[in-house]
Amino acid sequence: MDTLINWLHEPWPWYVAGPMIGLMVPLMLVIGNRSFGISNNLRHLCAITQPRHVDVVFFKYNWKEHIWSLYFVIGTGLGGFLAGVAFANPNPVALTPGALAMLLSWGFTAPGGALIPPELFAPTVRNLTFLFTAGVLVGFGTRYAGGCTSGHAITGLSTLQLVSVYAVLGIFAGGLLSSWLLVPLLLQ
Amino acid sequence: MRRYIPYLLAGMAFGFILVKSEAASWYRIQEMFHFQNFHMFGIMFSAIVTGLTSVQLIKYLGRRSLDGQAIEIPVKPPGRKSYIYGGLIFGLGWGLIGLCPGPVFALVGTGSIGALAVLAGALHGTWLYGALKEKFPH
């Protein structure tokens, strides 16, 4: 019992977590012939909240057919609460020496102290503006590309779709650009 | 309501895994983009291999879903530009905040106000795309 509790508190290695994430693809197919993906929910939430007098065609569809997907992300939030609060890891994120050196040179005082750095995520006006703006890029880009990491990198590549290869290449190139150029610039 | 319970449970498992694997950590994403740690690459590769194998197995067995539908492997619409440009824009955001949509929902669950700001931004970005869709190459 103690080992189970310890295991629930500890961070999981990639070879445990990766296959479990991969199993989401067949799981969703088997549960109800659904395609695993997260970012479509952003569209559904827009469709649900779009006022009658606003007439964006992209959000005019029967979102009720996609309620299952909203249940999935509500679950994701609950799972996040369980793993991040109820069974929180008491230890800092075990960073590699290379990452640690880089983060210290960027001016972080306690890199890895929590999942997300307070330097960027503590609710100050500056941080919230930054997070909201980057969030706009995430929302716009995922819809433009028709999916995010789950829909393209996991579901798309698992089902051998060429368009997902394009999307993943774009995503990785964008990520390299911002983590090598924009993040250090921002932290100066 | 009852027929949605399996999705809620699957989502809970997903959120739990995202946090436990630290895929929902800004630090792990920076390590990945700077090639300092195999961890995130290991997660992605093993997830894809597992997904690929099990999808092939489902194809081979020709199974029906639990609610009796014939399982169809979803096909994404053809194109190139929208996937590359959209991916680039998303990637720019991902590299900055170190969270893709799955982890955003997982971290909102932990009570992070910062993650909530990301979610608010992502909803606005999605709406902006919907409103301006015709103006961008696809």
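**Close-up views of the core and the chain A–chain B contact**

**View 1. The largest nonpolar core of this predicted model.** Among its 76 residues, A:Phe36 and B:Trp26 touch the most other members. Helix 1 (residues 5–20) of chain B supplies the largest share of this core, eight residues. Chain A contributes from both domain 1 (1–91) and domain 2 (123–188), so the core lies between these two domains. Another core, of eight residues, lies apart from this one; A:Ala47, A:Val56, A:Phe58 and A:Tyr144 are among its members.

**View 2. The surroundings of A:Phe36.** Leaving aside residues up to four places away in sequence, A:Phe36 touches A:Met24, A:Val25, A:Met28 and A:Phe72, among others. Its contacts also include A:Ser150, A:Gly151, A:Ile154 and A:Thr155. From chain B, B:Phe14 touches A:Phe36.

**View 3. The contact between chain B and chain A.** Here 110 residues of chain B meet 125 residues of chain A. About 10,300 Å² is buried between the two chains, and carbon and sulfur atoms give 78% of this area. On the chain B side, B:Tyr7, B:Lys20 and B:Tyr27 lose the most area to chain A, together 9% of what that side buries.

**View 4. Polar pairs and helices at the contact between chain B and chain A.** Between the chains, 32 residue pairs are in polar contact, counting pairs with both residues at pLDDT 80 or more, while the count of salt bridges is zero. Elements of chain B that give two or more residues to the side touching chain A include helix 2 (26–33), helix 3 (39–61) and helix 4 (81–97). Helix 6 (113–132) of chain B gives the largest share of that side, 18 residues.

Technical notes: Residues numbered from 1 in each chain as written. Chains lettered and ligands numbered in written order. Predicted model: local features only at pLDDT ≥ 70, side-chain atom pairs only at ≥ 80, totals over all residues. Heavy atoms only, no water. Core = buried A, V, L, I, M, F, W, Y, C linked by side-chain atoms within 4.5 Å. Buried < 20%, exposed > 50% of the residue type's maximum accessible area, 1.4 Å probe, protein only. Helix = DSSP H or I, 4+ residues; strand = E, 2+ residues; numbered from the N terminus. Domains from an automatic or database assignment. Contact = heavy atoms within 4.5 Å. Buried area = accessible area lost by both parts, 1.4 Å probe. Salt bridge = Lys/Arg side-chain N within 4 Å of Asp/Glu carboxyl O. Polar contact = N/O pair within 3.5 Å; in protein donor to acceptor, adjacent residues only side chain to side chain.
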